[in-house]
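I opened the file to look up a few residues, the salt bridges and a helix packing. My notes follow in the order I checked things.

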Amino acid sequence: MPAELDRLDLKILDRLQTDATESSSEIAERVGLSQSPCWRRMQRLKDEGYVRETVSILDREKFGESMFIFAQLKMSRLSDTERERFVHAVEGTPEILEAYTLFGEMDVMLKVLAPNIAWYQNFTFRTLLRLPGVEDVRSTATLSELKCTHRLPLPSRP
């Protein structure tokens, strides 16, 4: 963690992670600053890239039944162009919420939002197995969500 983040910066970042709709004056009151210095700190933290985006997290249950499926992909060796095509295809598929490269037997892990298993089976054949370089797909369907957060644990500073 960069040394330039002090205790107040960390408190501000924590408040932003908790509720980004709070005004700078509300955050200032919670962290023990006056409004103007708090606003300046918030702008600096955004300008320096500590805050990437400010979004609303939707309740997926309001949109009907769904499940997360983690798909692990075994990839063939890809050229730079094929790798770009793969990444572009993953980025352009809205049902793929997250994607990670892996160490180990499988090469890529995708977090897919699926309405049901039948839909996912079709998605596997019509989308995943057609991605550049995909040789094999191994999937794990979730039964329930025990924890879901986007909140990073921040260190405390004295």
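**Entry 1: R15**

I looked up R15 and found it buried, with a relative accessible area of 17%. The cut-off for buried is under 20%, so R15 at 17% falls on the buried side. I note here that I am working from a predicted model. R15 sits in helix α1, which spans residues 7-18. I then listed what R15 touches, leaving aside neighbours within four places in sequence: A20, E22, I27, R30 and V31.

**Entry 2: Cysteines**

How many disulfides are there by the distance rule? I got a count of 0 disulfides. A disulfide is a covalent bond between the sulfur atoms of two cysteines. I also looked up the exposure of two cysteines. C38 is buried, at 0% relative accessibility. C148 is partly exposed, with a relative accessible area of 45%.

**Entry 3: Salt bridges**

I searched the whole structure and found 13 salt bridges. I took down three of them.

R41 pairs with D6, and their closest N and O atoms are 2.8 Å apart. Are the two partners buried or partly exposed? R41 counts as buried at 19% relative accessibility, while D6 is partly exposed at 30%. R41 is buried because its 19% is under the 20% limit.

R44 and E48 form a salt bridge through their side chains, at 3.3 Å from N to O. R44 is partly exposed, with a relative accessible area of 26%. E48 is partly exposed too, at 41%.

I then asked which residues are linked in a network of salt bridges. One such network contains D6, D9, R41, R44 and E48.

The side chains of D107 and K74 also meet in a salt bridge, at 3.9 Å from N to O. This pair links distant parts of the chain, 33 residues apart: D107 is in the loop between β2 (96-101) and β3 (108-114), and K74 is in strand β1 (residues 67-75). I found D107 partly exposed at 23% relative accessible area. K74 is partly exposed at 29%.

**Entry 4: α2 against α3**

At what angle do the axes of α2 and α3 cross? I read roughly 105°, with the axes of helix α2 (residues 24-31) and α3 coming within 8 Å. Angles of 65 to 115 degrees count as roughly perpendicular, so α2 and α3 are roughly perpendicular to each other. On the α2 side the contact is made by S24, S25, I27 and A28, and on the α3 side by Q35, C38, W39 and M42. Sorted by class, this contact of α2 with α3 has 5 nonpolar, 3 polar and no charged residues. Two of these residues had come up already: I27 is among the contacts of R15, and C38 is buried.

**Entry 5: V134**

V134 counts as buried at 13% relative accessibility. Not counting residues up to four places away in sequence, V134 touches L73, K74, M75, F86, L128 and L129. K74 is therefore a contact of V134 as well as the salt-bridge partner of D107, and K74 is partly exposed. I also took a distance from V134 to S24, which is 110 residues away along the chain: their C-alpha atoms are separated by 47 Å.

Notes:
Residues numbered from 1 in each chain as written. Predicted model: local features only at pLDDT ≥ 70, side-chain atom pairs only at ≥ 80, totals over all residues. Heavy atoms only, no water. Helix = DSSP H or I, 4+ residues; strand = E, 2+ residues; numbered from the N terminus. Buried < 20%, exposed > 50% of the residue type's maximum accessible area, 1.4 Å probe, protein only. Contact = heavy atoms within 4.5 Å. Disulfide = S-S within 2.5 Å. Salt bridge = Lys/Arg side-chain N within 4 Å of Asp/Glu carboxyl O. Axes fitted to C-alpha atoms, helices over the stretch in contact; angles between N-to-C directions. Parallel < 35°, antiparallel > 145°, perpendicular 65-115°, else oblique. Nonpolar A, V, L, I, M, F, W, Y, C, P; charged D, E, K, R; others polar.
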